[in-house]
Amino acid sequence: MRVVEDFASVRSLARGVVGLVPTMGFLHEGHLSLIGAAAADTDTVVVSVFVNPLQFGEASDLSSYPRDLDRDVALAESAGADVVVAPGVEEMFPVAPETVVSVGSVAAPMEGLHRPGHFDGVATIVAKLFAGVGPDRAYFGRKDAQQLAVVRTMVRDLSFPIDVVGRPIVREHDGLALSSRNVRLSDADRLKAVTLSQGLMAGADLFESGDASVDEIIGAVRRRVSADVSVEYVEIAGSETAAPASDLGGEQFLAIAGRIGDVRLIDNVTLDNGTRTVDRGTRLDGPSILYEGGS
Ligand code: AMP
């Protein structure tokens, strides 16, 4: 496996069908499942590690974001990566950019409302990664369901010749969705954080049990979440449009965002109204690699 800092080096190493897994590093089993999926169906797996300053609203969230490139390189290699590209901010932005990729209505609600400018930052960086790496396929987690919808919309509108692959959420053994930010939770806050996923599972159970309405499902989620979590939103939204819905129909996701202290977490489950089943993701059997090394 090779570790490089610039896109020209990536392109010189790429051969055959190229799969890209964009990440912000501090890898966990969710990222590794994307890398494994890419390794299974492409010839060259490129993992990008870049903590994107454009997508952080709060300076403290950016500065406290966990980073460990040596750890990421070892994990990416073990999961099947061929190239890790870890560009510095100077490589990504040699001059202050004049161009922003801004996706419309799909980026407006939920994360867009609560993190103004966030999706402009995401779309701009993903477009740069697509242009710089030139992948045939790009792998994203449904953990960020709205982000996946934003990326799909951008790929359609800007005619990127890239197949976007969405993959299931990987959860810790107790159900908490894996996130690099989980390492910032104290033991007490982690117990509160897990109620985000417990709320979603209560909503999922109600959805599967029959004819609950959107409002009833959202109510069941909210009731199950710890009062110590500051919930920003609970919504059911269309998987393609990310538009919050007042009725069930088609493929939707039940999404939640909340803050536990200064750690903001998101989670969701996918609702299939055709079969009335829920994709809740997968769970690890034991502790995540996030906590190895005593952090
Ligand atoms: P991040 O490093 O948080 O920007 O995430 C990089 C990619 O990994 C994104 O496509 C995320 O949706 C995906 N990802 C993050 N956490 C998970 C998870 N728990 N399960 C599946 N995919 C995930």
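The legends below describe close-up views of a predicted model. Residues are numbered from 1 along each chain as its sequence is written, and side-chain values use heavy atoms, without hydrogens and water. Local features need pLDDT of at least 70 and side-chain atom pairs count only at pLDDT 80 or more, whereas totals for chains, interfaces and linings use all residues of this predicted model.

**View A. The shell around the ligand is formed by 17 residues.** H31, G141, D144, V170 and L178 are the closest of these; a residue is near a molecule if one of its heavy atoms lies within 4 Å of it. By residue class, the shell holds nine nonpolar, six polar and two charged members. Here Ala, Val, Leu, Ile, Met, Phe, Trp, Tyr, Cys and Pro count as nonpolar, Asp, Glu, Lys and Arg as charged, and the others, Gly among them, as polar.

**View B. Backbone atoms of G141, V170 and L178 lie by the ligand.** A backbone N or O atom of G141 is 2.9 Å from a ligand oxygen atom. For V170, a backbone N or O atom is 2.9 Å from a nitrogen atom of the ligand, and L178 likewise places a backbone N or O atom 2.9 Å from a ligand nitrogen atom. The ligand taken alone exposes 480 Å², of which the protein buries 93% (Shrake-Rupley method, 1.4 Å probe). Two or more shell residues come from each of β2 (18–23), α2 (29–41) and β5 (137–141); α2 gives the most, with three. Helices (H or I, at least four residues) and strands (E, at least two) are DSSP runs, numbered from the N terminus.

**View C. The largest nonpolar core has 44 residues.** Such a core is a set of buried Ala, Val, Leu, Ile, Met, Phe, Trp, Tyr and Cys residues joined through side-chain atoms within 4.5 Å, buried meaning under 20% relative accessible area (1.4 Å probe, protein chains only). V46, F130, F140 and M154 touch the most other members. Elements supplying at least two residues include α1 (7–13), β4 (83–85) and α8 (145–157), while α7 gives the most, with nine. Another core, of 26 residues, lies apart from it and includes L200, A204, L265 and V269.

**View D. Q55 sits in the loop between β3 (44–49) and α3 (59–63).** Q55 is buried, at 12% relative accessible area. Its side chain makes a polar contact with that of N52 (2.8 Å); within protein, this is a pair of N or O atoms within 3.5 Å, one able to donate a hydrogen and the other to accept it, and residues adjacent in sequence count only if both atoms are side-chain atoms. Leaving out residues up to four places away in sequence, Q55 touches M24, R115, H118, G121 and V122 (heavy atoms within 4.5 Å).

Note on methods. Buried < 20%, exposed > 50% of the residue type's maximum accessible area, 1.4 Å probe, protein only.
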